[in-house]
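Me: I have a model to go through with you. Can we take it strand by strand?

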Amino acid sequence: MPARIVPDHVRRTVLGLSVPGLYVAAGFFLISWSPSLLPRTWYYQGIISGICAGAGYAIGVVGGWLVARLARLVQLEIRVSRQAGRWLRTGWHVLATAFVIWLTVANVRSQGRTAAHVHLSPPGPVDWLKSIVLALLILTVFIAIVRGLRRLTHRLAEAVGQVLPATIASVCAVIVVTMVAAWVGDSVVFHRVMQRFGTIAAQVNEKPPTGVEPPTSPLKSGSPQSLQPYATLGYEGQRFVTSAPTPEQIRDATGQPAIEPIRVYAGRHADEPIARVADQVLAELHRTGAFNRSVIAVLTSTGTGWVNDWSVQAIEYLTGGNCAVASMQYSYLPSAMSIMTDRETPGDAGRLLFNKIYAAMQDIPPSQRPRLVVGGESLGSYGGQAAFTDLHDMMSRADGGVWVGTPSFTQIAAQLTASRVQGSPEIVPVIDDGRHVRFAASSDNLTHDYYGRPYGAWDFPRFVYAQHPSDPIVWWNPALLGAQPDWLREPRGRDVNPDVTWIPFVTFWQLTTDMAVGHDPPDGYGHRYGAELVPAWGAVLGDAPTRDYTRIIAGVTKTVHRVA
């Protein structure tokens, strides 16, 4: 008797599971192993694979159901002899097995190349095995939840069907169950998880850093003379005010006279208004005599209140300590979580702090005003740029700045990238031949574009956007779910595996987990910015981009507080 291929095969089940669903889930699972910007730990790989396999299973189930319905609708049947059916099944299994082996080996090797590009160790066999187990567990939970929702929908449809037509009852049941599931997922599960993470982050924020003592100099917030008690600064604020170099250390590195730099900071607690926190920073600037220094730097912190000490100390060494660096805390959540949950608060913080300091400087005669420079890293770059409406506004009110690891959805950075010179890549766009703004994947890009072509004159004010091609914080964007970005159409950056490509849905989740390991690579890769910030700040503060910063970098290396 001939065997039917369609529609029977698209409706088959194995152990109660949809065969089309399993096939598509397996395909998504294998695709999830493809390389991204950074090598992933086994648990992040397991999470990605589980999510992708779950999405694939759902697509396969729905697709199989639609094909079966369409086949019945048009009365489509494909029959082959039993012998031909056996050959087709055998051939399919052989091809599928060969494809799985080939793709698995290719992905494992490619992830090894990704690790080599950023100088990290690749995942080992045990890591892959653990990631598979975790992915299967996530897929099992996903299927169990979907089946539970389906049974609930059927029962609700049967109940409603007692008083309404069957079709209307089914539609109503689907709508109700979908809305309830969405509410539970968002208001119960997601918010409970976020509250738990928030509680942990709050505990970390309240814990003082080890190995440091509160500052004693009146030029630091948290000192006995400060308006901000040391205990109120939070974990990152306490590290900020205790990591400044001494005048002797600056003098040894520069060979020039130096004075003690000023550092001011204010922490935020509970629901304290951000405007009040900014006022506290401004009061500290007045108390310390910061407006009498040659440079005031307003550096917007990340979600946890962290400020990259390489940026801070670069300014302090380059100015001989004749500067004041101001920052504040607006949250204690890690930047990756803040990016996905709250984009308003960082912008409010950056805008309020800069505007208050800028307004205070207007009371000083122009000839006596210090230079006002700006900066920030990651979410701090996003929040700091929110103080300005566009590049013209930034150039008219700030005397320069260094923005580090800027998220691609930052308004000014996105506008600049979109207006780049034709032919320049998204990873290092050229803006007006580098006249005021220069994007830099490394220090070389301060004088040359990504292809080695020299820039023209660099006029003041100068702004630098430091961003690594392998930095997931820069390139993560919700649009990755369904749109291929330019940086994945163009040649990959030098620190990115050429095998990396855009895959709908998958690439978004890969970069989402890449953000969590962004600090794993050494300086110069991923989301690790270090010595390259010294020449960037040097150029912004007026040095020739070709100056030799070897001694200053060596000095900062001895005193800088590194990311743990």
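Me: Which residue stands opposite Cys-323 in β7?
Reply: Val-295 does. This is a predicted model, with local features needing pLDDT of at least 70, side-chain atom pairs counting only at pLDDT 80 or more, and totals for chains, interfaces and linings using all residues. Residues are numbered from 1 along each chain as its sequence is written, and side-chain values use heavy atoms, leaving out hydrogens and water.

Me: How many bridges does β6 make with β7?
Reply: Four, in the parallel sense, between β6 (residues 295-300) and β7. Strands (E, at least two residues) and helices (H or I, at least four) are DSSP runs numbered from the N terminus, and two strands pair if DSSP finds at least two bridges between them.

Me: And what does β5 do?
Reply: Strand β5 (residues 262-266) runs parallel to β7, joined by five bridges. Ala-266 stands opposite Met-328 there.

Me: New topic. Where is Ser-331?
Reply: In the loop between β7 and α10 (335-341). Its relative accessibility is 18%, so Ser-331 counts as buried.

Me: Which backbone oxygen does its side chain reach?
Reply: The side chain of Ser-331 reaches that of Gly-303, at 3.4 Å.

Me: What does Ser-331 touch?
Reply: Gly-303, Thr-304, Gly-305 and Ser-338, leaving aside residues up to four places away in sequence; contact means heavy atoms within 4.5 Å.

Conventions. Buried means under 20% relative accessible area, exposed over 50%, partly exposed in between (1.4 Å probe, protein chains only). A polar contact is a pair of N or O atoms within 3.5 Å; within protein, one must be able to donate a hydrogen and the other to accept it, and residues adjacent in sequence count only if both atoms are side-chain atoms.
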